[in-house]
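Dear colleague,

Please find the structure below, handed over for your review. My findings follow directly after it.

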Amino acid sequence: MAYEIAFFGLGNLGRAIVKRMKEALPNINFYLWTQDVSRAELFSSEIRAIRIIKPEKIQKDIRYIFLCLFDSSAVQNILEKIPKEGKVIVDLTTNHPKKVLEFREIVEKNKGEYIESPVLGSVIPASQGKLTLLVCGKEKIFNEVKTFLESISSKIFYFGENFSQASYLKLINNLVLAEFMMALSEAVAVGEILGFSSEIVLDVLSYGAGKSAILESKKEKLIKKDFSPHFSVSLIRKDLLYLKEVIKERLGGENGLEEDLPFINNLKNYDQAFKSGLAQLDFSSVYEIIKNKVLNSKSQKLQK
């Protein structure tokens with residue numbers, strides 16, 4: 001049986017997911033869309049897919065629509081255009097939790113079905129079918145798309161129809177991701193000040209307190225200072241901003257937030273990376289911000 005799937009969003013993660021699904025389930029016929037027309041044409045040709053010219057022109061016999069977009073604004077823009085009646089929309093985007101509730105309402109009011117399914121992991125685990133998925137949706141619809149989801153994941157957490165729970169947990173996960181990346185960056189910078197290579201620092205950490213999936217996935221980037229994007233500064237910054245908004249709303253204001261929840265300080269570092277021309281590089285490039293702060297501090301002390 002052949003499946004017809006429309007896939008919106010061909011960033012680094014989106015392309016890796018499509019390739020993996022095609023490898024695992026060769027009976028899928030893909031219809032692809034992204035804002036970058038040349039990218040859409042090139043990738044469609046590469047995997048023998050059909051390019052979607054306009055979102056509102058999706059073929060009627062396509063039941064499954066996957067979204068893997070930058071943010072909730074991009075999702076809303078697509079949802080306003082695409083046909084929804086009779087469609088199952090699987091949203092892999094990391095969304096603002098409040099927007100997820102709106103998206104579900106929009107889709108269901110138009111006689112469609114909505115699955116919230118943010119992913120844990122980036123390009124490499126996606127290409128290996130080892131993402132972790134956090135899923136909310138009707139059980140019947142979840143079971144209908146489960147084959148597709150299992151093709152790209154090694155673990156699925158299903159939360160029933162408790163929409164937005166998946167997005168909350170994804171943001172919490174990315175808080176840890178952001179902080180761990182900061183810790184590794186600082187450790188490498190401190191090690192280099194003390195005369196150690198980044199390679200030996202990270203090797204030792206991989207057998208000690210730093211042993212983790214994030215160290216393994218970012219080790220080569222920190223050693224080679226190759227920050228080609230798997231998960232960009234723009235994306236981690238967006239997720240931290242969403243989380244900050246959620247916490248502010250839940251606690252009723254920002255007073256004490258920075259002192260009691262130090263992730264706000266990490267957001268400042270990713271903000272600085274974003275504004276320093278690193279926005280489209282991998283978020284491990286925050287190392288450059290840490291290193292420069294250390295060097296500037298040293299320079300200022302030498303001048304006194």
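**Findings**

Helices α1 and α2 are roughly parallel to each other, a term used for angles under 35 degrees. The axes of α1 (residues 12–24) and α2 (residues 37–47) cross at roughly 15° and come within 11 Å; axes are lines fitted to C-alpha atoms, for helices over the stretch in contact, with angles running from 0 to 180 degrees between N-to-C directions. R15, V18, K19 and K22 of α1 make the contact with R39, F43, E46 and I47 of α2, where contact means heavy atoms within 4.5 Å.

The model is predicted: local features need pLDDT of at least 70, side-chain atom pairs count only at pLDDT 80 or more, and totals for chains, interfaces and linings use all residues. Residues are numbered from 1 along each chain as its sequence is written, and side-chain values use heavy atoms, leaving out hydrogens and water.

Helix α6 covers residues 139–151. Its 13 residues should span 18 Å at 1.5 Å a residue, and the end C-alpha atoms are 18 Å apart, which agrees; the expected span is 1.5 Å times one less than the number of residues. A kink of about 55° in α6 is centred on V145. V145 is also among the buried residues of α6, together with I141, F142, F148, L149 and S151 (buried means under 20% relative accessible area, with a 1.4 Å probe and protein chains only).

Finally, S185 lies in helix α7, residues 165–193. S185 is buried, with a relative accessible area of 0%. Leaving aside residues up to four places away in sequence, S185 touches S284, V286, Y287 and I290.

With kind regards

Terms used: Helices (H or I, at least four residues) and strands (E, at least two) are DSSP runs, numbered from the N terminus. The bend at a residue is the angle between axes fitted to the seven residues ending there and the seven starting there. Buried means under 20% relative accessible area, exposed over 50%, partly exposed in between (1.4 Å probe, protein chains only). Angles under 35 degrees count as roughly parallel, over 145 as roughly antiparallel, 65 to 115 as roughly perpendicular and the rest as oblique.
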